[in-house]
2 protein chains.
Amino acid sequence: MPIRLDSAEADFETRFTALLSGKREASQDVGDIVAAIIADVRERGDAALVELTNRFDQAGVSAETLRLTPESIARGAASVPQTVRAALQTAHDRIRAHHEKQKPQDQVYTDALGVILGSRWTAVDAVGIYVPGGLASYPSSVLMNAVPAKVAGVSRIAMVVPTPKGEINPAILAAAQIAGVTEIYRVGGAQAVAALAYGTPTIARVDKVVGPGNAFVAAAKRQVFGQVGIDMIAGPSEVLVIADASANPAWVAADLIAQAEHGGGAQSILITTDQRLADAVDREVDRQLALLPKEALAREGWEEFGAIITVDSLDTATTLANRIASEHVELAVDDPQALLSAIRHAGAIFLGHHTPEAIGDYVGGSNHVLPTARSARFASGLGVLDFMKRTSILGCDPSSLAALAEAAVTIANVEGLDGHGRSISIRLNR
Amino acid sequence: MPIRLDSAEADFETRFTALLSGKREASQDVGDIVAAIIADVRERGDAALVELTNRFDQAGVSAETLRLTPESIARGAASVPQTVRAALQTAHDRIRAHHEKQKPQDQVYTDALGVILGSRWTAVDAVGIYVPGGLASYPSSVLMNAVPAKVAGVSRIAMVVPTPKGEINPAILAAAQIAGVTEIYRVGGAQAVAALAYGTPTIARVDKVVGPGNAFVAAAKRQVFGQVGIDMIAGPSEVLVIADASANPAWVAADLIAQAEHGGGAQSILITTDQRLADAVDREVDRQLALLPKEALAREGWEEFGAIITVDSLDTATTLANRIASEHVELAVDDPQALLSAIRHAGAIFLGHHTPEAIGDYVGGSNHVLPTARSARFASGLGVLDFMKRTSILGCDPSSLAALAEAAVTIANVEGLDGHGRSISIRLNR
């Protein structure tokens with residue numbers, strides 16, 4: 001059974017805090033193993049990559065076959081049913097259209113003193129996208145990682161994907177083709193991240209590495225951060241549904257189950273002002289779980305990490321929601337717009353009864369790579385800005401330099417940086 | 001002597017690559033020590049903080065005196081000469097005015113299908129700013145870290161600063177007061193980062209930790225990343241001056257020296273199309289270094305890491321500049337605007353002969369926290385966006401959900417996520 005909490009109960013704060021701080025992932029301490037793998041790839045390049053790939057993935061690759069040929073990509077993509085390719089194309093087009101609107105504007109202006117000030121955005125040159133093999137090998141994730149990079153103007157998008165026993169999900173290839181991925185390598189794990197960050201003769205180094213992965217991939221990203229940029233380190237997925245009496249318990253239950261079926265610590269939480277809805281959803285989840293092919297996985301996740309919280313008001317609901325800072329927040333209420341501004345910490349917000357979170361996973365147009373594990377307190381979902389960087393621009397003429405000089409030299413002196421002060425005063429006509 | 005390169009020489013590529021990959025920092029492997037410190041602070045809270053602070057800083061603090069009182073902050077700030085406080089206020093006002101222009105706009109729209117899509121920006125609740133003690137304890141850095149947070153709307157800004165032997169630079173307190181820092185703690189090192197990330201009874205946890213520090217601070221930031229957000233991990237500062245025959249060798253030399261005087265691996269590079277300028281700058285640096293109080297530090301930095309590169313054209317200069325991806329790029333040329341678009345990777349660009357980099361360190365208005373160690377390939381300087389996060393908004397009605405359902409369910413099925421598909425199809429009136 002999922003836990004049931006009521007904000008009116010005396011021990012609510014204790015139990016809610018325990019829910020917040022509950023650990024949903026086994027934390028594997030793989031830092032030392034990963035450091036050794038990275039050092040090996042840096043030292044031995046392709047030889048290390050091939051050895052590690054054949055050991056971990058039994059993929060039977062050589063340096064010559066690490067990179068998929070254009071022909072094998074095209075063949076794999078073509079083997080995907082036309083309906084699926086059409087759906088991926090629809091998703092791509094909507095994701096692309098939405099992300100186009102995220103492109104930042106350069107801004108250069110001259111202030112009252114005559115100082116030119118500004119910000120200019122440029123694309124990262126080369127990006128590496130990590131795509132997991134096996135269970136969580138999702139074509140939608142390829143789109144969600146590659147399309148913002150493409151929109152940003154990244155010219156080189158290198159994808160790495162492990163191919164256990166040499167096998168690859170052809171839908172991944174179709175998505176990569178649609179998204180405009182420029183190269184694909186059959187390698188995964190920390191060794192793939194190391195190759196992307198430092199380069200080997202076969203895999204040229206990139207500037208930024210994004211995409212989800214297991215504990216080894218996460219540790220590798222943490223270790224190469226600085227050598228390259230990285231995105232968030234993804235944790236288990238999570239949904240918070242806020243519902244009032246207007247919600248349909250069967251629909252809410254379906255959304256809670258959709259999250260739980262990810263397994264691996266995925267969490268579904270319902271907060272509702274309506275006790276009867278709470279009970280009805282509880283029963284509905286149980287009933288619908290039995291209809292699911294992956295019943296066992298989803299049921300285990302729901303029973304271990306699921307929660308139903310009843311509250312006295314929607315105000316209390318949003319207060320709790322901000323403490324949870326969930327990756328996904330559904331507002332399954334009569335007037336979702338009225339709640340919107342009260343939700344300050346969330347990766348994405350889904351408005352009203354007809355917006356199941358799964359629409360955002362695929363074809364809504366917004367990105368499904370979103371901050372997990374309460375990191376929506378400080379982090380954003382993946383977007384175009386993640387593949388661009390801002391350069392400051394500053395320009396003085398003799399008169400504006402003279403106007404700023406005294407304050408600058410005063411601070412330089414108090415900081416003991418005389419050379420800084422001199423670089424300014426030497427330019428003044430006294 | 002700094003190294004001298006010429007792009008026309010046969011071994012140029014080898015020597016330039018060596019310059020690019022040269023290590024400027026001793027990499028201390030302090031990960032294990034830092035992990036133990038973080039675990040200790042998480043377990044024992046203030047007791048660990050006090051013990052570590054008194055051991056490393058001989059600061060003589062107790063849990064009760066870790067936090068500076070408003071009176072001691074005011075007293076310290078008031079002890080700073082009025083001219084310095086006025087200069088810091090000028091810097092603050094200009095930094096604030098420029099960063100106000102970085103505030104992002106929310107964007108919510110309805111697309112052709114009737115889907116509501118959007119991005120909404122909100123501020124991080126609480127930020128921790130690390131300020132080094134000792135040599136690099138700069139009031140300007142307090143402003144550069146705190147002002148963007150304030151402009152973003154961060155309500156709680158907690159500053160940590162080590163006070164070796166109990167001493168603190170009063171200019172730091174003045175800057176904190178001007179910038180609106182809400183609390184100051186006398187603690188530094190990995191223990192300060194741990195306290196900010198996980199909280200203790202005295203220091204409430206924050207959501208994001210920014211600011212430069214030594215190897216222990218850098219390792220701690222890397223380890224707490226995910227629990228809280230972090231900014232870049234700062235490396236030694238660097239400047240690249242691109243100059244043509246119109247440049248004044250004395251001014252260029254002063255700028256190269258200003259960077260070198262940071263010490264600790266700071267690097268100054270000149271690229272010029274003019275052989276005579278190269279020689280003149282070389283002599284001028286030598287002459288001006290002798291005038292500097294910190295001559296030894298700056299001379300050592302210049303001789304160990306400095307470089308003068310002569311090239312055949314400004315095109316070659318910008319090509320090399322993009323490979324260097326310097327923190328600061330000065331365009332000391334006749335027509336800086338003409339070069340601007342060719343510089344794609346740089347933390348900040350300084351236009352023309354009257355814009356020494358030091359102006360940007362203090363009072364230009366742009367931020368001086370910029371990407372180092374070639375990370376301008378993928379990272380931006382600190383700004384308002386670093387203290388905000390973007391929440392996606394998605395809203396369907398029955399008709400737009402129906403329009404999107406088929407593609408979404410198709411992808412859900414190919415990904416083996418039946419529960420995702422069901423959460424959509426259950427809402428359709430068939």
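In this predicted model, A:Arg94 and B:Asp111 form a salt bridge whose closest N and O atoms are 2.8 Å apart. The rule finds eight salt bridges across the interface of chain A and chain B. Polar contacts between the two chains, with both residues at pLDDT 80 or more, amount to 69 residue pairs.

The extent of the interface can be given in residues or in area. In residues, 122 of chain A are in contact with 122 of chain B. For the other description, the general convention is that the size of an interface is often given as the accessible area lost when the parts come together. Here the area buried between chain A and chain B is about 10,200 Å², and carbon and sulfur atoms give 58% of that area. On the chain A side, the residues that lose the most area to chain B are A:Phe378, A:Leu394 and A:Arg427; together they account for 8% of what that side buries.

How are the two copies related? In general, two copies of a chain are related by a rotation about an axis and a shift along it. Chain A is superposed on chain B by a rotation of 180° with 0.0 Å of shift along the axis, at an RMSD of 0.0 Å. This is the relation of a two-fold axis. Within chain A, A:Arg222 has the C-alpha nearest the axis, at 3.5 Å from it. Of the interface residues of chain A, 100% are also interface residues in chain B, so the copies meet through the same surface.

Both chains also contribute to the second largest pocket, whose lining includes A:Arg323, A:Arg344, A:His345, B:Asp125, B:Arg156 and B:Asp207. This pocket holds about 240 Å³ of space. By class, its lining has eight charged, two polar and two nonpolar residues.

Methods. Residues are numbered from 1 along each chain as its sequence is written. Chains are lettered from A and ligands numbered from 1 in the order in which they are written. This is a predicted model: local features need pLDDT of at least 70, side-chain atom pairs count only at pLDDT 80 or more; totals for chains, interfaces and linings use all residues. Side-chain values use heavy atoms; hydrogens and water are left out. On a 1 Å grid over the protein atoms alone, a cavity is a set of points where a 1.4 Å probe fits but cannot get out, and a pocket is an open set with protein on both sides within 12 Å along at least five of seven lines; lining residues have an atom within 4 Å of a point. Grid points are joined across faces, edges and corners, and a volume is the space filled by probe spheres set on the points. Ala, Val, Leu, Ile, Met, Phe, Trp, Tyr, Cys and Pro count as nonpolar, Asp, Glu, Lys and Arg as charged, and the others, Gly among them, as polar. Copies are superposed by least squares on the C-alpha atoms of residues with pLDDT of at least 70 in both. Contact means heavy atoms within 4.5 Å. Buried area is the accessible area (1.4 Å probe) that two parts lose on being put together, summed over both. A salt bridge is a side-chain nitrogen of Lys or Arg within 4 Å of a carboxyl oxygen of Asp or Glu. A polar contact is a pair of N or O atoms within 3.5 Å; within protein, one must be able to donate a hydrogen and the other to accept it, and residues adjacent in sequence count only if both atoms are side-chain atoms.
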